[in-house]
Amino acid sequence: MPLPASPIFTIHAHFSKKKKKKKKISQKIDSLEGGLLVCFVMDQDLVETEKRRKREINIDPGLQWSQWQLLDSILPTGGFAHSFGLEAAIQARLVSGPDDLQNFVIHLLENTGSLLLPFVYSATMNPTLDNCQKLDRILDATLSNEVGRKASVSQGSSLMRVAASVFTELPSLKSMRDVCIGSGVVSFHHAPVFGIICGLLGMDSGTSQRAYIFMTMRDVISAATRLNLVGPLGAAVLQHRVASVAESMVKKWMDRSVEDACQTAPLLDTIQGCHTYLFSRLFCS
Amino acid sequence: MLSGFTASPMAVALSPYSLGDSISVEFTIGDGCTAVLTTQSSTKVYKSLGSKCSEQVLEARIGSGALFVVIPDPVTCFSTARYSQKQVFRVVSDSSLVIVDWFTSGRHESGEKWDFELYRSSNCIFAEGNQPVFLDTVLLEQSSPVDIAERMHEYQVIAMVLIYGPKLKHVQDQVQENVKRLMSQQLQIPSTRLGCCAKTNSDNCLVRPAFIASCSAFGPKGMGVVVRVASTTTEAVYRFLHHQLAGMEPLLGVSPYS
C-alpha cells in the first residue's frame, strides 16, 4: 500500500527584536521513516546570542560569585557612612530636588572618573605591594580635600580588612595588609585598594573601573534616599536612567595614567570640604 | 647665622595670551630669601584657533627658610579660549609658600560665562626626594557631556589658596578659624520640605550662598592648608584674599590684594 503524501510543516521562530536584517536558515529534514518534511526557520541572531551567552557562562563562574559579592552593598565596608558631598550640597542649597540630584550624581561620576579611575586601573593591572604603596602616596597628595581624603582612607581600610578575611584564597592580600600596617606609611586609600583586590581576583581592568563607578553611583543614590531627596523606588529609577551616562564616563576616563588624574568639578570639591562645618549631619563626608 | 631678606615684586604675563603662546619661567629662591610674584592685571586668554592651546609653565625651587609668594590676578579665558598652566614647587623641610591660583568664567559682565573651550591648571608641591606633598589639577573642558556652566551653577569665580610651611602657621590658623566661622552661618538644613521649596523661588531655603569657602590641612604633619573658594563675584574674592592674607604684611612689608 503506498504511503500518503507527506504534509509539510514550516515553523517560523522569531525571537530577536533586533532591527538588522535577519538571515533565515532553512533546513529541510527528510525523514526516511515517517516521510515528514519539516522546515525550521531559525533567527540567526538567536543562535549567535545563545553561543555568546554559553561562552560567557563558561568563563570562570567562581570569579562571577566573587565579583557580585564585592559589589554587593551588604559587604561591610562602611560605604554607607559617606554622602560624597551631597549632604553639604543640600545644606548649601545646591541640591534641592530630584533634578538637582541627577545633575549632582552625573558631576560626581565624572569627577570620580577623572580623578580616581587612574588609580583603580593602575592597581588592577599591577596588584603588587610596591605599586600599592606608590599609588597610596600619590593619592594622599592628590586628595587635598581633607573630608574626601579621610573618607577614602576609612573606606579603603575597611575594604582591605574585609577582603583579607573573605578572600582567603588570596594570601597576598593579608600579607600586604600586615606589611603596610606594620610600616605605618600606607593609608589604604579606597581606589587603589579596590583595584588591587580586583586585580588579585583576576578581574580585568575594564570591569574593575566600571565597577568602581557603579559603586560610587550606588552609594551616592543610597545617601540621597536617606537624606529624603528621593524615595527608594525613585532612586532605583534614577540609577537606571543615569546608567548610560555612567557608562560614557567610564569609556571616557578609563585606562589613563595616574599622572593625568585631575578633578573636573571644583565646585563639588569646595562644597565637600565644607562638610565639617555642618552643625547637624548624618554622614561622615 | 646668615639670613637674607629680599622682597622683589616682579610682573609677569604682561600681554594677553593668544594663538598658542607658550611661556616658561624658572625661579630659585635662595636660603632665607623672600620673593613675591604678582601680575599687573588679570591674565587674559583670547580665543584660540583650532586646537592651539596657550600654555604657561612655572618651576620654582625654594630654599631652606625661604618664602615664595605667588599672588596673581585671576585668569580670564575669553569665549573658545584654550589655556593650560603647570606650576611645580620644590621645597625643603622648612620652606614656606603662599600660592593663589584663580580664574573667572570669562567676560561675565558681557554675558560670556564659562564659554571657553579648555582650562587646565596644575599645582604640585614636591619635598626632598621627589616626595609628592600636594598634587592638584583642575580640568574644565567644554567637550565633556556635562556643560561647564551647569557644573558651576551661578558661581563665576573659582579660587585656590595654598599656605604651606613653618613661617605661616599663624596665617593658617587664622584662615581656618575665619572660614569655619563664615561658612557655619551659611550652611543649614533646608527648613521646609522638598515639595514646598520647589513651588516658590523667593523662599529663603532656595537662596544659595554667594560665596562658598572650605579649608583643608594637607601634607606631612598638616604643614599646609588649602582654601577653596567659589564666588558669584570677583570683588568678593579680592576682599576675601586681602582679609585672609593680611597676616603676611610683617613678612612682606605689604598686604597682598590691598
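Colleague: Which residues touch the most other members of the largest nonpolar core?

Modeller: That core has 135 residues, and α4(A) gives the most to it, with 12 residues. Beyond four places in sequence, A:Leu86 is in contact with residues including A:Leu101, A:Phe104, A:Val220 and A:Leu229. The residues that touch the most other members are A:Leu70 and A:Leu86.

Colleague: Where does α10(A) bend?

Modeller: The helix runs over residues 232–253 of chain A. Its 22 residues reach 29 Å from the first C-alpha to the last, close to the 32 Å expected. The bend is about 40 degrees, and its place is A:Ala243.

Colleague: What do the buried residues of α10(A) pack against?

Modeller: Those buried residues are A:Ala235, A:Leu238, A:Val242, A:Ala246, A:Met249, A:Val250 and A:Trp253. An α-helix has 3.6 residues a turn, so residues three or four places apart point the same way. The partners come from both chains: β11 (131–141) of chain B, and in chain A, α4 (98–125) and α9 (205–226).

Colleague: Which residue just after α10(A) takes a positive phi?

Modeller: The helix ends at residue 253 of chain A. Just after it, a phi of about 60 degrees belongs to A:Asp255.

Colleague: Which residues of chain A lose the most area to chain B?

Modeller: The contact takes 42 residues from chain A and 47 from chain B. About 3,700 Å² is buried between the two chains, with carbon and sulfur atoms giving 59% of that area. Three residues together account for 22% of what the chain A side buries: A:Arg93, A:Leu267 and A:Tyr277.

Colleague: Over which residues of chain B does pLDDT stay under 50?

Modeller: Chain B has a mean pLDDT of 85, and 86% of its residues reach 70 or more. Where pLDDT is low, the predicted coordinates should not be read in detail. That caution goes for the 24 contacts beyond four places in sequence that the model has for one stretch, and for the 12 it has for another. The stretches under 50 include residues 1–15 and residues 193–204.

Colleague: What ipTM does the predictor give the complex?

Modeller: The predictor gives two scores for the complex as a whole. Its pTM is 0.84, and its ipTM is 0.88.

Note on methods. Residues are numbered from 1 along each chain as its sequence is written. Chains are lettered from A and ligands numbered from 1 in the order in which they are written. This is a predicted model: local features need pLDDT of at least 70, side-chain atom pairs count only at pLDDT 80 or more; totals for chains, interfaces and linings use all residues. Side-chain values use heavy atoms; hydrogens and water are left out. Helices (H or I, at least four residues) and strands (E, at least two) are DSSP runs, numbered from the N terminus. The expected span of a helix is 1.5 Å times one less than its number of residues. The bend at a residue is the angle between axes fitted to the seven residues ending there and the seven starting there. Buried means under 20% relative accessible area, exposed over 50%, partly exposed in between (1.4 Å probe, protein chains only). Contact means heavy atoms within 4.5 Å. A nonpolar core is a set of buried Ala, Val, Leu, Ile, Met, Phe, Trp, Tyr and Cys residues joined through side-chain atoms within 4.5 Å. pLDDT is the predictor's confidence in each residue, from 0 to 100. Buried area is the accessible area (1.4 Å probe) that two parts lose on being put together, summed over both.
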